Amino acid sequence: MKFSVTVTLKKDVLDPQGKVIKNTLNDMGIKNLNNLRQGKYFEIEVNETNLTLAEKTVNEMCKKLLVNLIIEDYKINKI
Amino acid sequence: MKITDHIVEKHGLSLNEYKEIKRLLDREPNLLELGIFSAMWNEHCSYKSSKVHLKKLPTKGKQVIQGPGENAGVIDIGDDDAIVFKIESHNHPSFIEPYQGAATGVGGILRDVFTMGARPIALLNSIHFGSPKHFKTKSLLNGVVSGIGGYGNCIGVPTVGGETKFNKTYNENILVNAMAVGHVKKNKIFYSKAKGINKSVIYVGSKTGRDGIHGASMASAEFDENSDEKKPTVQVGDPFTEKLLMEACLELMQDNSIISIQDMGAAGLTSSSVEMASKGGLGIELDLDKIPCREENMTPYEMMLSESQERMLIILEDGKHQKSKEIFDKWDLDFIKIGKTTSTNNLTLKFNKKIVGEIPIDALSNQAPMYNREWKSRKVSKFNFNFKDFKKIKLEDALIKILTSPNHSNKDWITNQYDQSVMCDTVQKSGSDAAILRIHNKDKAIAVSVDSSANYCKSHPFSGGKQIVCENWRNLISVGAKPLAITNCLNFGNPENKEIMGEFADCLEGIKLSCEFLKYPVVSGNVSFYNGTNKKNIYPTPVIGGVGLIRKLSKPLNHIFQKEQSNLILIGKTFGHIEQSCFLKEIYSLDEGLPPEINLLNEKNNGECVLKLIEKKLVLSAHDVSDGGLLIALAEMAMSSNYGAKIKKPKNLTNLFKYFFGEDQARYILEIEKKHCSKVEKILKDNNIYYENIGFTQKEYFEIESELKISIKDLFKINNQWYNNY
Amino acid sequence: MRSSVIVFPGSNCDRDIAVALKKMQFKNQMVWHKETVLPKSDLIVLPGGFSYGDYLRSGAIAGKSLIIEEVIKAAKAGCFILGICNGFQILTETGLLKGTLLRNKNLRFINKDVQIKVINNKTNFSNKYKKDQILKINIAHNEGNYFTDPSHLEELRKENLIIFKYCDVKGNIDESSNPNGSLENIAGILNSNKNILGMMPHPERMTDEMISNNDGINLFSSLLN
């Protein structure tokens, strides 16, 4: 079973990279860009047929390693 | 919102303190005002438990331009040059999020230095972790080291020195102390004291987000199991923006537009505005609608208490707005007038055209509580180590065991992650007794070193305090610098505990004595209490950062053997004080007994005479003898060079281990070229200095007469072993 | 010789290179990245540092700044371009040099003195060095691990465009003397016209005996030659 995990900084946490990227795009002439936050993306394949169990495993990976829960949020999607 | 006892306690204020707030205001505060009081009255900003003792420290001297109380201390290094420096802790945030905690610690201390008009020229650090075996240690260590490097490397200030130590006392409460050193022209120093009424108050730098709200209170509260819940308050550092802010501020400081300037550190806008007004004896009015916010719907409470990084507050001279704004525009930074100075002596906060808070400045600063907390000196238990009671060990095995221990192993794997060379004035990188930085475009230099000795301070706080100032002094002497002044970061446990307060008082008494005797004043510093978890307090760990001057820079001096067949002279007397030594700790896991005694008179005479010899260019290399004693000091000199040494057995002291591993103070090892020996010995005799000829340098092998012989290559390998296997 | 040092927000070796250029008698000017006109220059330097905080990818955002258009024009007209460290990263991001710089293989920032060997001394940047001369030089980077596709690598080899390779004190070029995982130990390369040099080590840090050595001086004197 395949999943994608998107990790982004929590809503109120400063995103220095996102800020610089946004300003640069603005400067390059893209004027209707309002906000931009950057993050990480993982594609994960697990050997599991039960969706609930598979999701549980991915969730565990996120909590244990992939995500810095102090400053980051994450979303899991089945793909 | 009604202020309940629960809310008061949540703000880290005692009910008595709350009573005092009501008395000072003559009414109940609203939540915003309570938040502001809590930020200003907490330990971190008010120094309420430490002030009584800090006042005793010597802070004056003809080299001192500015002592404690400003963003950083300033000393005179001759001509029109001054050095600005300070050390600060970022312990609690670093334990919660090591990378960001350490990074923002570096960012904060850099701002303290460039706020005063100085261009930062060096960063140092003192980092302490729990036992390497503790499950959290490795990730904390890696996180802190990358955080320090990440910030310093990016902003382009060399990280040139520091110390990394391990001790189980820090298992649940690591220490991350960062020191910054800057250079400024004497007539271009900027202070935080506001002057003049109706002057513009300008906000510059990053926008305000909900970062670190209550960070300052957190830094002053003991950890408990729930400290995980406090996590979202950790700020994220943005070294790129800080670099822009630094360049913009330094550019603006070229002329006289700035009346006063203060960085927004702990307690952000609150402490910066209150401090500026308080020092100037003025009021300040802020229009919170003008604050550049990063998030939507931020409340006045959040704006005033946010600890978003990379921000400054400036009080600007009339008629300078446009020109100053252009500079910040160039660097893509906000430059916004958010208020003005007033004659009311109040902090007045407006939001949506209404006054939402009004507090007398004095109530927040001078009227803040000051405690003369009860304290008692701990009883010290004597302990005399007797070799007969313990298993025998060979000298060689003891040496190897110490050199492979986490505390004594080579730390290049850390310092190689820091850019030590950027700015092209690093004459001597870390790894020696002190780093040397050339003053840009001049032929003089400063030496800097950071030191601590928690074990000594734990076993006897008074002697420990005395010792650590001396050790720092020796480290500067050993590279040929005249020690000028220090900054201190006082890391202690819970001050409400009498014994901890006793450790603090005693350590400070020791620091005071040494500083007075050596004419080595304290010009800046920081106190960090409540280091510990669930009533388990850390060892008292005062960290001393010293700055010395090398008036005329020639070939830099360090601890690396330079030649073969040169004589090795040990300055200072060896009594063989083995209690509290690294030998007993590493070999027998013993940490009982008293630290070595400090004889300040010897300390001063020996140091001054060594400096004289160095200045006369009679010394090839020099090293102070500290942690690990004579043998470790000699091994360190050999390992980093291409030469070994042959050392004689002692004549007087019968016990080899006491001789080679004893940690008697005021000692140095000097490498002297044969032809200079008689001259050197004459000078030593004329100055009544005790010395011994202990051997000479030789090719390849490190040797103790009929005891051990190891090739320096092997020694180097042994010393690098620990981390490779960690 | 006239030189221009481009200053990006976050550049931090701009002063260092300016000091070195001045010492070597270049008539140097600092050029802010928002400028749209480049002063007449024989040499343009993109200095080290963390332009735009290295955010997104090192050098990526600087590669989009206004002045870069002018740098590209000057490069095409034959002006010498020297990109050091972050400057090298910017050159690859703009396409002036092919390939890219990946994270160091140990995933850490590395600052230390290493050895490099002069592989090609018949260039305008290296004619004062001897062939196979070993230089001791400082590196300080997170992303210095040079990578390129096989056909470009072949071109680099054939056209003699690899100017410096990492080696050990004895001159051995192998994995143990490769500090960052760089392809074939590459430390610096030229474009096919040989007027653009990108290198990770910092020659400007090696022009003063008091702080290091003089191994970087000949790079600048080669240009003056």
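Guide: Helices (H or I, at least four residues) and strands (E, at least two) are DSSP runs, numbered from the N terminus. This is a predicted model, in which local features need pLDDT of at least 70 and side-chain atom pairs count only at pLDDT 80 or more, while totals for chains, interfaces and linings use all residues. Residues are numbered from 1 along each chain as its sequence is written, chains are lettered from A and ligands numbered from 1 in the order in which they are written, and side-chain values use heavy atoms, with hydrogens and water left out.

Visitor: Where is B:Asn297, then?

Guide: B:Asn297 sits in the loop of chain B between strand E9 (283-287) and helix H12 (300-305). Its phi is near 55 degrees, which is a positive value in a residue other than glycine.

Visitor: Does B:Asn297 count as buried or exposed?

Guide: B:Asn297 counts as exposed, at 70% relative accessibility. The scale is set as follows: buried is under 20% relative accessible area, exposed is over 50%, and partly exposed is in between (1.4 Å probe, protein chains only).

Visitor: And what is phi for B:Asp332?

Guide: For B:Asp332, a residue other than glycine, phi is positive and near 55 degrees. B:Asp332 belongs to the loop between helix H13 (321-330) and strand E11 (334-342) of chain B, and it counts as exposed at 54% relative accessibility.

Visitor: Changing topic: how many aromatic pairs are there over all chains?

Guide: Rings of Phe, Tyr and Trp (its six-membered ring) pair if their centres lie within 6.5 Å; planes under 30 degrees apart count as stacked, over 60 as edge-to-face and the rest as tilted. A search of the whole structure on this basis finds 28 aromatic pairs. One of them joins B:Phe37 and B:Trp41 edge-to-face, with 5.2 Å from centre to centre and 85 degrees between the planes.

Visitor: Why are B:Phe37 and B:Trp41 separated by about one helical turn?

Guide: They are 4 residues apart in helix H3 (residues 31-41) of chain B, so about one helical turn separates them. B:Phe37 and B:Trp41 are both buried.

Visitor: What about C:Tyr129 and C:Phe164?

Guide: Their ring centres are 6.4 Å apart and their planes stand at 85 degrees, so this pair is edge-to-face. The pair links distant parts of the chain, 35 residues apart: C:Tyr129 is in the loop between strand E6 (110-118) and strand E7 (134-141) of chain C, and C:Phe164 is in strand E9 (residues 162-167) of chain C. C:Tyr129 is buried with a relative accessible area of 4%, and C:Phe164 is buried with 0%.

Visitor: Which residues form one aromatic cluster?

Guide: One such cluster consists of B:Phe385, B:Phe387, B:Phe390, B:Phe583, B:Tyr588, B:Phe657 and B:Phe661.

Visitor: Which ring face does B:Lys709 lie over?

Guide: B:Lys709 lies over the face of B:Tyr701, at 4.8 Å from the ring centre. Likewise, B:Lys138 lies over the face of B:Tyr726, at 5.3 Å from the ring centre. The criterion for a charge over a ring is that NZ of Lys or CZ of Arg is within 6 Å of the ring centre and within 35 degrees of the ring normal.

Visitor: Now the helices. At what angle do H15 and H25 of chain B pack?

Guide: Axes are lines fitted to C-alpha atoms, for helices over the stretch in contact, and angles run from 0 to 180 degrees between N-to-C directions. Helix H15 (residues 395-403) and helix H25 (residues 712-724) of chain B pack at about 45 degrees, with their axes 7 Å apart. H15(B) and H25(B) are therefore oblique to each other, given that angles under 35 degrees count as roughly parallel, over 145 as roughly antiparallel, 65 to 115 as roughly perpendicular and the rest as oblique.

Visitor: Which residues make the contact?

Guide: On H15(B) they are B:Leu399, B:Ile400 and B:Leu403, and on H25(B) they are B:Leu715, B:Ile718 and B:Asn719; contact means heavy atoms within 4.5 Å.

Visitor: Finally, what does B:Val274 touch?

Guide: Not counting residues up to four places away in sequence, B:Val274 touches B:Met40, B:Leu347, B:Ile361, B:Leu364 and B:Ser365. B:Val274 is found in helix H11 (residues 268-280) of chain B and counts as buried at 0% relative accessibility.
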